[in-house]
Structure formats: C-alpha cells, structure tokens
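Good morning, and thank you for coming. Please look at the sequence and the structure on the screen while I describe them.

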Amino acid sequence: MRLPCTIMARAPQPRVESVSIYGLEEVEVRFGRRAALSGVTLNVPPSAVTAVVGGDGSGKTTAMRVLVGAIAPHSGLVRRPDRREVGYLPATSGVYVDLTVAENVTFVGAAFGARGLELAQRSDRLLERTGLSAARDRLAGELSGGMRRKLALVLALLHEPRLLVLDEPTTGVDPVSRVELWRLIGAAAATGAAVALTTTYIEEAERAAWVLVLESGRPLVSGTPEEVIAAIPGQVGQADSRPEQPAACWRRGAGWRVWSRERKLPSGSGAIEPDLEDAVTVAALAAEQAGGEP
C-alpha cells in the first residue's frame, strides 16, 4: 500500500530545481532494458532524517546517486542545492586510501573552501567524536573497514552541507561507534541539514522522520514509521513454531511471524502489535502476492 503523495507531471527531460525541500519526484532510471528506479518520489526536508529501506537490488544506492547528481534520471524531477552544499557518503569507501586521515581532511576541506582555523576546529571536533584523533597520521588504506566508514562520514560533514546524503553510513561499524555516528547525523539535522540515508538496519530507520521502502526499484510504502506500520493490510501474528496451515510467515528471533491479509491467523499463533520491521516485510510479501506491483 502506498500512502498518498503529491505527484509531479513526468518531464520529458530530467530537470533540477534548487529549493529548500530536496528530493526526487516520479524519477525513472534505466540501465539498458532494466528499470533500476520507476516512479520513485522522495522528499528530504531540512532539519530531518529521511530513510530509504530495501534489500539488495532494491534501488537504494541508485536513488542516492540520482539525488547527488552522480546519475542523470531518464525522467522525473530532482531537487537539490548547489553541489558545493551537498555532502555525500557513497556505498564504497568514500576516502582517499593513499592519503593519511589528516591529508584526507585537508584535501576535502580545501575542495569545499574550508581552510585554516575554521577547518582545524571542525575536523578536530569530528575526529574526536568518531575516535579517529589518534589515527591522524595513518593512511586511510590501512584503517579497518569501520574506521574508513567513520572517516568518510567526517569528510561528508566537514563543510556543513545543506543536503547530507549517506549510503549505508553505519555498515561495518561496531555497535558502540554506530551510536556516536547517529549522534553526529542527528546533530547535522538539528542544525538544519536535510539528511537522506539508506540503511539495512530497521531499528535505524525507526529513528527517521520519514521512511521510503523500495523493492526492485519501485516504492512499496512511504510515510512516518507510524504511518508505514499503520498501512499494513490484514493482521500480523506470532507463533513459537512454523504454522502447519498455509500462511505467509518468516523467522523472527526464536519464533515465527505470521501475516494474514484476511485477518484470520492460523491456529497456534496470536495477534501482535507489529513494528517497522514487520511492516517492511509485509509490504514486500503483499507486493509479491499482487504479482510484483506495489
């Protein structure tokens, strides 16, 4: 089920507008005959975090690359500020592996016009909060995967961008460091940045003001986390063992989740209050039952 949204007329050529609310409107991207994105609308307002959720191949990374201008859409509308006001953490490393941590900071800061005391103060604060201060003289290529992700976030935040786009910023980062990275992300939003991020961690998406769920390049459902949960058709239940009766079910912790569109759960299962993880799973199952259409 897709929640209502304002749809813009599809443009014959990609257009870009610089406005305070950034995002995508009815964007389509094709790689050959394959549609990587189809009809994707994503609003990224200032002072808030917008999360894009989906499995591998869902189109999350493509959507972020369109938003920052790395990919031109075949049709639709892209709203973003000037490139100098965009901070981007790609799904790849996002750092220069043959430079030290300090050299990465100096190079990227200078590229955005930050130098001298201003750059030193910002970088000192960010490196301290990410635990990278002691690694200033280490080559980025010698850092662990988690430390490289933290450095990449530092580089994306250095110039205090108006639009911050993060592709799985906490993947490969230990749980304690993830908490600190989320504090930095939240602080950026609190100071006015529009933040768009992708994540495979549903508990992270629950912190966002708005969530978009993608499947095979198509939007399944969008809204606040509460609205996405409320949009679940039918009923979700829980069982200790896999139901013998035919039912849509999946593992969740030590038990099983069960979903019935007709609100009639199989015997041995009891109704529960679903969470966002349940909502994302049900959205994918409902689309599959409908023949792949969201």
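Is helix 1 mostly covered or mostly uncovered, and how many of its 9 residues are buried? Before I reply, a word on where the values come from. This is a predicted model, in which local features need pLDDT of at least 70, side-chain atom pairs count only at pLDDT 80 or more, and totals for chains, interfaces and linings use all residues. Residues are numbered from 1 along each chain as its sequence is written, and side-chain values use heavy atoms, with hydrogens and water left out.

Now the reply. Helix 1 is mostly covered, with 7 of its 9 residues buried. Buried means under 20% relative accessible area, exposed means over 50%, and partly exposed lies in between, using a 1.4 Å probe and protein chains only. Helices (H or I, at least four residues) and strands (E, at least two) are DSSP runs, numbered from the N terminus. The buried residues of helix 1 are Lys60, Thr62, Ala63, Met64, Val66, Leu67 and Val68. Just after helix 1, glycine 69 takes a positive phi of about 95°.

An open sheet is formed by 6 strands in the order 6-7-8-4-9-10, with mixed pairing. Two strands pair if DSSP finds at least two bridges between them. Strand 6 and strand 10 (218–223) are the edge strands, and each pairs on one side only. From one strand to the next, the twist averages 15°. Helix 1 (residues 60–68) packs on this sheet and touches strand 4, strand 6, strand 7 (163–167), strand 8 and strand 9 (210–215). The direction of helix 1 makes about 155° with that of strand 8. Here axes are lines fitted to C-alpha atoms, for helices over the stretch in contact, and angles run from 0 to 180 degrees between N-to-C directions; contact means heavy atoms within 4.5 Å.

Within the sheet, strand 4 (residues 48–53) and strand 8 (residues 194–199) run parallel and are joined by 6 bridges. Valine 49 has valine 195 in strand 8 as its bridge partner. Helix 8 lies across strand 4, strand 9 and strand 10, and runs at about 145° to strand 10.

Strand 11 (residues 235–239) pairs with strand 13 (residues 255–260) in the antiparallel sense over 5 bridges, and glutamine 235 stands opposite serine 260 in strand 13.

Strand 14 (residues 269–271) contains glycine 270. This glycine 270 is partly exposed, with a relative accessible area of 32%. Apart from its neighbours within four places in sequence, glycine 270 is in contact with Val236, Gly237, Gln238 and Leu265.

By way of contrast, consider strand 5 (residues 75–79), where 5 of its 5 residues are buried. Ser75, Leu77 and Arg79 lie on one side and Gly76 and Val78 on the other, and both faces are covered. Strand 5 pairs with strand 2 (residues 22–31) in the antiparallel sense over 4 bridges.

On a 1 Å grid over the protein atoms alone, a cavity is a set of points where a 1.4 Å probe fits but cannot get out, and a pocket is an open set with protein on both sides within 12 Å along at least five of seven lines; lining residues have an atom within 4 Å of a point. Grid points are joined across faces, edges and corners, and a volume is the space filled by probe spheres set on the points.

The largest cavity has a volume of about 60 Å³. It is lined by 10 residues, of which Ala231, Ile232, Pro233, Ala279 and Ala283 are the closest to its centre. Helix 8 (residues 276–289) gives the most to this lining, with 4 residues.

The largest pocket has a volume of about 390 Å³. Of its 18 lining residues, Val86, Tyr88, Tyr96, Val108 and Phe112 are the closest to its centre. Thank you for your attention.
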